[in-house]
Amino acid sequence: MTDQPQLHSSIVAMISLASGIASRHPDMGLCQLERLRNAGVPEHQIDAVIEIARHIRDEASQKLDAAFDEKAQLATPEKEPETEESCCCTPTSSGQSCC
């Protein structure tokens with residue numbers, strides 16, 4: 001096994017912040033938020049991470065609700081099946097790509 005370089009601590013903090021938000025972790029990523037700010041990561045980059053994570057979390061919730069409604073037979077009959085394009089994530093409200 002070769003030694004691989006470690007991810008920069010700011011990248012680890014961004015990943016941790018995003019996954020904490022997307023998973024609704026009770027700590028809410030506040031520790032990572034502080035680490036990113038202390039590391040000098042620009043606020044607009046932190047804001048982008050938060051926006052993308054929230055978008056993924058919300059999109060996942062909507063898809064789970066739709067799947068539940070379909071199984072519970074609460075879905076509207078005129079709803080069209082998802083196409084290959086619609087199964088990929090959509091951009092955030094400000095246009096950030098999450099894919």
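**Reading a helical model**

Modeller: Ser10 belongs to helix 1, which spans residues 9-22; helices are DSSP runs (H or I, at least four residues), numbered from the N terminus. This is a predicted model, in which local features need pLDDT of at least 70 and side-chain atom pairs count only at pLDDT 80 or more, while totals for chains, interfaces and linings use all residues. Residues are numbered from 1 along each chain as its sequence is written, and side-chain values use heavy atoms, with hydrogens and water left out.

Biologist: Is Ser10 buried or exposed?

Modeller: Buried means under 20% relative accessible area, exposed over 50%, and partly exposed in between (1.4 Å probe, protein chains only). Ser10 counts as buried because its relative accessibility is 16%. Contact means heavy atoms within 4.5 Å; beyond its neighbours within four places in sequence, Ser10 is in contact with Leu36 and Val41.

Biologist: Which residues make up the largest nonpolar core?

Modeller: In soluble globular proteins, nonpolar side chains tend to be buried together. A nonpolar core is a set of buried Ala, Val, Leu, Ile, Met, Phe, Trp, Tyr and Cys residues joined through side-chain atoms within 4.5 Å. Here the largest such core has 10 residues: Ala13, Leu17, Ile21, Leu33, Leu36, Val41, Ile46, Val49, Ile50 and Ala53. Helix 1, helix 2 (30-38) and helix 3 (43-71) each supply at least two of its residues, and helix 3 gives the most, with four.

Biologist: Why does Asp58 count as partly exposed?

Modeller: Asp58, in helix 3, counts as partly exposed because its relative accessibility is 33%.
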